[in-house]
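Hi everyone, thanks for coming along. Let me put today's structure on the screen, and then we'll walk through a few places in it together.

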Amino acid sequence: MSDCRPPLAEPSAPRRRLPPGACDAHCHVFGPADRFPYAQDRSYTPPDAPFEKLAALHGHVGATHAVIVQANCHGHDHAALLDAVARSQGRYRGVALLPPQADAALVRRLHDGGVRGARFNFVPHLGPPPSPDVFERVASLIAPLGWHVCLHVEGAMLGELLPRLARLPVPFVVDHMGRVRARDGLDAPAFRALLDLARVPGAWIKVSGMDRIGDGGRPFRESIPFVRALAEALPERTLWGTDWPHPNVAGDMPDDGEVVDAFFEACPDEALRRQVLVENPARLYGF
């Protein structure tokens, strides 16, 4: 029995399709559970959102490439992710959720399956954060293969984490705009900490999860100035993603056509838009 809502069955058509080569740099696949069971110790149970539906969504909005991020509900079993990446025939990459005991052999198998990053959860509702020893050991494991670290973190935590992040031998990507709150404004300390990442070599930001920083009502326009500010502050290190199928959404379910339209509004400059959608992910993920 699912305890999450499904994505919209019929998202609107965006007013403008994404350009050729565009990448949805943050999305998920869930199940199907009868083939890819969910983890026993999961913190939530989503409705199935398999590869076929993700591919259909990307066809609908015009995304050529995508990065599938391993979700907490599948734990450390990457079978669904690896299946989806293989079926994409080179169009998709993956970000793994590695177990504390991960070794070089596991990392190599995942790399051969199209994985290019390791995610760490620091938000309380998804469980305890990784220990510093595990965090640094995994970073050393993935460095030889050119992976990056993906951080699900709240912006207010960045000050505490930055000394550790600055020592990493790999780049790091902050998901969902650090889950700042749009109602706190552009001058809030948590958002200023994100903008300050422009001065940190190897720091990237994902302008995904507009609904997660907004106030719960579509089309989440209050998030647009934050997307714009980050893309302009880190033009060569910003990524964009839908966050489909939007797990654990508390307010309105996002409409992915509106999500695309909002990005075009936040990033009206065509050259910057192409950099965020096409060039940056191509460089980081090897498309």
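Predicted model: local features only at pLDDT ≥ 70, side-chain atom pairs only at ≥ 80, totals over all residues.

Let's start in the loop that runs between helix H2 (79-87) and strand S3 (92-96), where you'll find glutamine 89.

What is the phi of glutamine 89? The angle is near 55°, a positive value in a residue other than glycine. If you're new to backbone angles, here is the background: most residues other than glycine have a negative phi, and most peptide bonds are trans. Is glutamine 89 buried or exposed? With a relative accessible area of 74%, glutamine 89 counts as exposed, because the cut-off for that word is over 50%.

There is another positive phi to show you. Asparagine 248 has a phi near 60°, and this residue is not a glycine either. Look for asparagine 248 in the loop between S8 and H9. The relative accessible area of asparagine 248 is 35%, so this residue is described as partly exposed.

Stay in that loop for a moment, please. Proline 245 lies there too, between strand S8 (238-240) and helix H9 (256-266). The peptide bond that joins tryptophan 244 to proline 245 is cis, with omega about 0°. A cis bond also leads from glycine 31 to proline 32, and there omega is near 10°. Proline 32 belongs to the loop between strand S1 (23-27) and H1.

That loop between S1 and H1 also holds arginine 35. Which residues does arginine 35 touch, leaving aside those up to four places away in sequence? They are Asp83 and Arg87. With aspartate 83, the side chain of arginine 35 makes a polar contact to the side chain, at 3.3 Å.

A polar contact of 3.1 Å connects the side chains of histidine 152 and arginine 179. You can find histidine 152 in strand S5 (residues 148-152). Since buried means under 20% and histidine 152 has a relative accessibility of 5%, histidine 152 counts as buried.

Now let's go to the interior. In soluble globular proteins, nonpolar side chains tend to be buried together. In this model, the largest nonpolar core has 85 residues, and Leu98, Phe172 and Leu194 have the most contacts inside it. Apart from that core lies another one, of eleven residues, including Cys23, Val95, Leu284 and Tyr285. What does leucine 194 touch, if we don't count residues up to four places away in sequence? Among its partners are Leu158, Val174, Met177, Ile205 and Leu234.

Last stop: the second largest pocket, which contains about 230 Å³ of space. It is lined by 15 residues, and the closest to its centre are Leu8, Ala9, Pro11, Lys53 and Trp244.

Terms used
Residues numbered from 1 in each chain as written. Heavy atoms only, no water. 1 Å grid on protein atoms, 1.4 Å probe; cavity = no way out; pocket = protein on both sides within 12 Å on 5 of 7 lines; lining within 4 Å. Points joined across faces, edges and corners; volume = space filled by probe spheres on them. Core = buried A, V, L, I, M, F, W, Y, C linked by side-chain atoms within 4.5 Å. Buried < 20%, exposed > 50% of the residue type's maximum accessible area, 1.4 Å probe, protein only. Contact = heavy atoms within 4.5 Å. Helix = DSSP H or I, 4+ residues; strand = E, 2+ residues; numbered from the N terminus. Polar contact = N/O pair within 3.5 Å; in protein donor to acceptor, adjacent residues only side chain to side chain.
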